[in-house]
Number of protein chains: 2
Amino acid sequence: MGDRRNQPGTGLHDPVLDKLGLAIASGELPEGHVLNLDGIQERFGVSRTVAREAMRVLESMGLVRSRRRVGITVRPIAEWNVFDPKVIWWRLAGPGRNAQLRTLTEMRVAVEPVAAAAAARAAAPGQRARIVELAAVLRRLGEAGDLAEFMERDVEFHALLLRASGNEMFGALADAVGAVLRGRTQLGLMPHRPVPEALDLHEAVAAAVASGRADDAETAMRALLTEVRQAVIPG
Amino acid sequence: MGDRRNQPGTGLHDPVLDKLGLAIASGELPEGHVLNLDGIQERFGVSRTVAREAMRVLESMGLVRSRRRVGITVRPIAEWNVFDPKVIWWRLAGPGRNAQLRTLTEMRVAVEPVAAAAAARAAAPGQRARIVELAAVLRRLGEAGDLAEFMERDVEFHALLLRASGNEMFGALADAVGAVLRGRTQLGLMPHRPVPEALDLHEAVAAAVASGRADDAETAMRALLTEVRQAVIPG
DNA sequence: TCCGATTCAAAAGTATTACCTTTCAATGGG
DNA sequence: CCCATTGAAAGGTAATACTTTTGAATCGGA
């Protein structure tokens with residue numbers, strides 16, 4: 001997620017969309033708030049066309065609903081496409097950051113074990129090899145105490161597993177999981193040094209995936225996430 | 001999902017978006033295929049504005065990328081926002097239906113146990129009561145062999161659990177899970193009559209959620225899904 | 001007077017059209 | 001082989017007309 005800055009695809013990001021999306025996701029424009037096209041045109045100094053395009057995209061994300069004679073109304077979060085990468089990004093960038101990290105973590109806890117099992121069944125040979133390699137790299141970095149590099153490789157490890165699962169829905173979560181991993185360290189929720197047990201479990205997951213033992217991969221991943229799981233349960 | 005009929009905003013924009021989305025999701029317009037605005041205008045007999053709005057939305061879903069001088073290119077599925085309800089819907093409506101049901105089922109298997117645990121912690125009193133009530137209704141309908149009504153209540157049961165989890169990401173999957181449940185019966189993947197074990201497990205989940213036993217809820221839900229799980233593993 | 005039905009005009013999005021501006025892949029000459 | 005030119009296609013602005021919605025004013029009967 002964090003590395004979409006070059007944006008070769010999305011073109012020069014429509015700043016209007018970004019600012020409005022952020023304003024809504026942050027709660028600055030609360031549920032029920034009504035905007036209108038003229039207001040958007042004026043607020044951002046853009047033409048009607050651009051204002052409408054931004055509005056349409058927000059509408060397709062479920063953030064607003066446009067109705068004649070009424071205007072553009074901000075919808076409740078239950079209507080949002082909360083899996084849309086942009087929505088996730090906006091929520092992470094605002095005061096809802098913490099709540100977003102929590103729900104995303106819970107999602108991880110649910111998905112990653114099953115994704116690991118699927119990867120054990122479906123991963124391509126090159127992916128299996130890379131996963132094993134990454135587990136070894138993680139051990140080295142963990143024992144050396146290189147936290148920053150450890151995190152980057154950890155992100156790669158989890159993202160690769162999700163993408164190797166053969167389930168494009170799991171794969172679509174890879175960037176979000178990366179954001180969670182990075183977010184956790186930023187919030188100081190990570191142990192100052194990876195515990196040996198975690199290093200063992202990364203290797204266990206990798207070995208199980210490499211040799212196609214789906215159940216073992218799932219079990220090991222579940223164990224790897226037990227610690228994470230505590231962070232989700234408010235207490 | 002299935003009930004998006006109401007839309008009062010019968011815009012001219014939606015049909016274009018829908019047809020293009022379907023054409024892409026169905027593979028009729030394969031990855032790499034290049035469209036252009038003039039082509040869309042002509043194909044659907046709409047103005048440039050409408051064509052552009054539809055294109056923008058498709059772009060925000062990751063289905064296409066618009067680049068100057070090149071045109072509008074269909075992107076690979078790995079770039080799609082596969083959690084977008086519209087994308088799910090389009091895939092279910094086309095020849096990818098089966099693959100979509102498979103990945104969605106796998107998603108269910110991953111998410112529902114954790115969602116059940118979360119619901120046991122977070123559900124509102126009214127939701128707990130309704131879940132218990134639904135489990136009882138399911139037993140009655142199941143034993144009476146009323147398959148059609150059983151399915152509708154089952155959809156409600158699972159959707160409510162997801163929404164009661166307190167995790168809006170889980171809640172956002174409720175409609176999709178409903179589509180899977182309905183899709184499974186349409187494909188004849190369901191037992192002709194709910195097995196007694198399933199009825200017991202629905203009640204076990206409900207009881208655990210009602211009394212806040214998160215671990216039990218998770219375990220029971222996982223058991224409930226074991227049968228479903230077999231359908232995911234090809235072979 | 002009061003109350004319900006009808007009418008009407010304003011508000012706001014929807015859609016079309018015309019016309020510039022910017023980008024950048026392709027091309028072709030040096 | 002490199003670099004300047006060029007033209008296709010998207011990006012964006014502006015003016016204008018249309019349609020839907022809704023709330024208020026109006027009107028007629030009890």
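Predicted model: local features only at pLDDT ≥ 70, side-chain atom pairs only at ≥ 80, totals over all residues.

Mentor: Residues are numbered from 1 along each chain as its sequence is written, chains are lettered from A and ligands numbered from 1 in the order in which they are written, and side-chain values use heavy atoms, with hydrogens and water left out.

Trainee: How many salt bridges does a search of the whole structure find over all chains?
Mentor: A salt bridge is a side-chain nitrogen of Lys or Arg within 4 Å of a carboxyl oxygen of Asp or Glu. Searching the whole structure over all chains gives a total of 41.

Trainee: Arg184(A) and Glu227(A) form a salt bridge; how many residues apart in sequence are the parts that the pair ties together?
Mentor: Their N to O distance is 3.7 Å. Helices are DSSP runs of H or I with at least four residues, strands runs of E with at least two, numbered from the N terminus. Arg184(A) is in helix α9 (residues 174–186) of chain A and Glu227(A) in helix α11 (residues 214–232) of chain A, so the parts tied together are apart by 43 residues.

Trainee: Is Arg184(A) buried or exposed?
Mentor: Buried means under 20% relative accessible area, exposed over 50%, and partly exposed in between (1.4 Å probe, protein chains only). Glu227(A), at 43%, counts as partly exposed. Arg184(A) has a relative accessible area of 7%, so Arg184(A) is buried.

Trainee: Which helix holds both Arg108(B) and Glu112(B)?
Mentor: These two residues form a salt bridge, with their closest N and O atoms 2.5 Å apart, and both are buried. They are four residues apart, about one turn of the helix. An α-helix has 3.6 residues a turn, so residues three or four places apart point the same way. The helix of Arg108(B) and Glu112(B) is α5 (residues 97–122) of chain B.

Trainee: What distance separates the end C-alpha atoms of helix α1 of chain B?
Mentor: The expected span of a helix is 1.5 Å times one less than its number of residues. Helix α1 (residues 13–25) of chain B has 13 residues, so it should span 18 Å; the distance between its end C-alpha atoms agrees, at 18 Å.

Trainee: Which residue with a positive phi follows α1(B)?
Mentor: Buried residues in α1(B) include Val16(B), Leu17(B) and Leu20(B). After α1(B), phi is positive, near 90°, at Gly27(B).
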